[in-house]
Every structure is written in C-alpha cells, then in structure tokens.
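Here is a short walk through one model. Keep the structure open and follow along.

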Amino acid sequence: MKYKAALMSAEDIDRALKRIAHQIIEKNHGLQNVCLIGIHTRGVPLAQRLSAHICAIEGTAPPVGELDITLYRDDLSRIGDTPTVKGSKIDFSIEDMTVVLVDDVIYTARTARAALEAVMKLGRPAKIQLCALIDRGHTELPIRPNYVGKNIPTSVDEVVAVRLEETDGETAVKLYSH
C-alpha cells in the first residue's frame, strides 16, 4: 500500500471524541441506562476514551464492554479455517439499556451488522446506537452511524487506517491507496 495523507492527528481524534461524548450525553438526555460497547479491535480503546471524556463532563462514566464479532461475520468462510476469536467481555446486563456500539471506521457497514446480531444475542437493549470515528462512505447495508468523528469520502481503492496508541503505538488516521 502507498501512503497518501495524514487525515487526523492525535489532537484531532481527541477533539472528535470529546464532541461525540457531548453528543451522546445530549441525545440520551444524560447517562441513565447508557453503556458503551467497543467492537474489537480499535473500537475498544475508542469506547474507553469516550467513557473517560463522558466522565470528565458528567462526573460518572458509563460501563464499557468489548465485543468480538468474528463468529457473526458474513465473510467468515473467506477469512480462513481458524479465525482468531478475541472474545467478548461485557460484565453488565444490556437489558433495557441504550447500547452505543463504537468502531473505528464504517465502510460497508457489514461489521456494524454483525455487531447488531452479536448484541441481540446478549439480551434486549432499549436502543442501539452506532458511533464511528470515521465514516468513509460506501455502505452496502441500510445502516448509518448516529455519531461520527469525521466524514472522509474515499474511493474503493483507498484504505483509511486508524492507528491508536493502545493497539498500534501511535495515534493518527492515515490514508493509503492500493
């Protein structure tokens, strides 16, 4: 892949997450029965960062869970005979909760679809909302995020790479082409 551009710095990402934190609080009229569930891999640290920003604003943090959607993917047969399953970690009930699913990039929306299916297996939430740091367009399903850090129109031969300190040793959003 060929590097094309830096799209967001660590400061830009932090600013976007602070804005999203405010939006989550406003849209849900506070935090009562709100939880954040990060989709592995980069959605997890993003959900943790969002929770910290919400805590700084409200003085209390929503619970944060981790969701592994590997077994719910519609391309499971294409990704190999032994897919890596990281496991979900959600140590609270989602019954009657507003679940905010957090992911790094929404592209085709197939990851979001798999996450919806996985969450519904855990219980019956009151609402499910979707948060993506980057919306790059090209969704193949009628799924749109409720919260977006940045819209970045791309071509299908481009790749948006979200890099986070927790998983990649740096924090930035970069654009590559094939």
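The model is a predicted one. Four bridges tie strand 3 to strand 2, which covers residues 34-39. These two strands run parallel.

Five strands make up an open sheet with parallel pairing, in the order 3-2-4-5-6. Strand 3 (64-67) and strand 6 (147-151) hold the edges. Each has a single partner strand, so one side of each is left without a neighbour in the sheet. From one strand to the next, the twist averages 25°. Strands of a sheet pair through backbone hydrogen bonds, and they do so either parallel or antiparallel.

Helix 1, residues 10-27, lies across strand 2, strand 4 (98-106), strand 5 (127-135) and strand 6. Its direction is at about 150° to that of strand 6.

Helix 3 takes in residues 110-122. How far apart are its end C-alpha atoms? They are 19 Å apart. At 1.5 Å a residue, the 13 residues should span 18 Å, so the two values agree. Which residues of helix 3 are buried? They are Ala 112, Ala 114, Ala 115, Ala 118 and Val 119. Viewed down the helix axis, the buried residues of helix 3 fall within an arc of 160°, so they line one face. An α-helix has 3.6 residues a turn, so residues three or four places apart point the same way. The cover over the buried residues of helix 3 includes strand 2, strand 3, strand 4 and strand 5. Just past the helix comes Gly 123, with a positive phi of about 155°.

Strand 1 and strand 8 (residues 172-177) run antiparallel, joined by five bridges. Find Tyr 3: its bridge partner in strand 8 is Tyr 176.

Technical notes
Residues numbered from 1 in each chain as written. Predicted model: local features only at pLDDT ≥ 70, side-chain atom pairs only at ≥ 80, totals over all residues. Heavy atoms only, no water. Pairing = 2+ DSSP bridges. Axes fitted to C-alpha atoms, helices over the stretch in contact; angles between N-to-C directions. Contact = heavy atoms within 4.5 Å. Expected span 1.5 Å × (residues − 1). Buried < 20%, exposed > 50% of the residue type's maximum accessible area, 1.4 Å probe, protein only. Arc of directions from axis to C-beta.
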